[in-house]
Amino acid sequence: MTTLSPSPAADPTSRPVRSAREVVPADLWDKQVALLMRDYPYDSVMAARVLGQGYAYLLTAMRHRGESLGLAPSTLVDIGVHTIILDTVTYAELCDKHNGGRFLHHVPEVEFKNDGSVMKTAHRIAADGWEVDLPLWADAATCGPCHQGNDSH
């Protein structure tokens with residue numbers, strides 16, 4: 001697995017790389033991994049990778065709410081995002097805790113973009129100190145169909 005690490009220029013504090021497992025309660029993590037395995041042809045390792053990147057993406061989007069960065073997940077990462085947001089009670093709790101009590105809406109677009117926003121997002125996530133599983137972002141050239149609103153993904 002190839003990962004992006006925060007670069008010294010992007011992260012002058014050189015803090016250690018964080019994993020989404022550190023912020024998600026174990027029982028919720030296990031439930032959402034099981035949901036991914038139920039709905040997709042993933043084993044537990046792949047499901048955990050996709051889920052972790054989904055959380056890293058959402059937590060980064062929440063941290064940069066209102067900055068108009070045009071963040072967008074890859075197709076695989078978006079599967080993790082959807083698993084998280086469809087568990088609406090726990091997603092609302094995540095928004096309360098990490099997004100100032102505001103709900104981070106999902107506003108999908110019909111057309112895929114090819115504007116570099118997906119890889120820019122992966123680098124932003126790494127700069128924020130999250131582990132980035134680079135192979136899950138590899139389809140970046142044809143992805144990122146999310147609305148570029150200030151407070152949505």
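Trainee: Which element supplies the largest share of the lining of the largest pocket?

Mentor: Rolling a probe the size of a water molecule over the atoms shows where empty space is left. On a 1 Å grid over the protein atoms alone, a cavity is a set of points where a 1.4 Å probe fits but cannot get out, whereas a pocket is an open set with protein on both sides within 12 Å along at least five of seven lines, and a lining residue has an atom within 4 Å of a point. Here α4 gives the largest share of the lining of the largest pocket, namely five residues. This is a predicted model, in which local features need pLDDT of at least 70 and side-chain atom pairs count only at pLDDT 80 or more, while totals for chains, interfaces and linings use all residues. Residues are numbered from 1 along each chain as its sequence is written, and side-chain values use heavy atoms, with hydrogens and water left out.

Trainee: Which residues line the largest pocket, and how are they divided into nonpolar, polar and charged?

Mentor: The lining consists of Val-23, Val-24, Pro-25, Asp-27, Leu-28, Tyr-55, Thr-90, Glu-93, Leu-94, Lys-97 and His-98. The elements that contribute two or more residues to it are α1 (26-39) and α4 (88-98), where helices (H or I, at least four residues) and strands (E, at least two) are DSSP runs numbered from the N terminus. Six of the lining residues are nonpolar, two polar and three charged; Ala, Val, Leu, Ile, Met, Phe, Trp, Tyr, Cys and Pro count as nonpolar, Asp, Glu, Lys and Arg as charged, and the others, Gly among them, as polar. The space in this pocket is about 190 Å³, a volume being the space filled by probe spheres set on the grid points, which are joined across faces, edges and corners.

Trainee: What lines the second largest pocket?

Mentor: That pocket holds about 170 Å³ of space and has 14 lining residues, with Ser-19, Ala-48, Arg-49, Gly-52 and Glu-131 lying nearest its centre. Helix α2 (residues 44-63) makes the largest contribution to this lining, five residues, and the lining as a whole comprises six nonpolar, three polar and five charged residues.

Trainee: How many salt bridges does a search of the whole structure find?

Mentor: A salt bridge is a side-chain nitrogen of Lys or Arg within 4 Å of a carboxyl oxygen of Asp or Glu, and the search finds five. In one of them Lys-31 pairs with Asp-87, with 3.2 Å between the closest N and O atoms. Because Lys-31 lies in helix α1 and Asp-87 in the loop between α3 (75-86) and α4, this pair ties together parts that are 56 residues apart in sequence.

Trainee: Is Lys-31 buried or exposed, or does it count as partly exposed?

Mentor: Buried means under 20% relative accessible area, exposed over 50%, and partly exposed in between (1.4 Å probe, protein chains only). Lys-31, at 41% relative accessibility, is therefore partly exposed, whereas Asp-87, at 12%, is buried.

Trainee: Which residue forms a salt bridge with Asp-133, and with which does Arg-63 form one?

Mentor: Asp-133 pairs with Arg-49, the closest N and O atoms being 2.5 Å apart; this links distant parts of the chain, since Asp-133 is in strand β2 (residues 132-133) and Arg-49 in helix α2, 84 residues apart. Asp-133 is buried at 3% relative accessibility, while Arg-49 is partly exposed at 24%. Arg-63 pairs with Asp-128 at 2.9 Å between the closest N and O atoms, and here Arg-63 counts as exposed at 51%, but Asp-128 as buried at 1%. Through shared partners, salt bridges join Arg-63, Arg-124 and Asp-128 into one network.

Trainee: With which residues is His-64 in contact?

Mentor: Contact means heavy atoms within 4.5 Å. Leaving aside neighbours within four places in sequence, His-64 touches Leu-69, Arg-124 and Asp-128. His-64 lies in the loop between α2 and α3 and is buried, with a relative accessible area of 10%.

Trainee: Which residues have the most contacts inside the largest nonpolar core?

Mentor: In soluble globular proteins, nonpolar side chains tend to be buried together. A nonpolar core is a set of buried Ala, Val, Leu, Ile, Met, Phe, Trp, Tyr and Cys residues joined through side-chain atoms within 4.5 Å. The largest one has 37 residues, and Tyr-55, Tyr-57, Leu-58, Tyr-91 and Trp-137 have the most contacts inside it. At least two core residues come from each of α1, α2, α3, α4 and α5, and α2 gives the most, eleven. Beyond its neighbours within four places in sequence, Tyr-91 is in contact with Leu-58, Met-62, Ile-84, Ile-85, Phe-103 and Leu-104.
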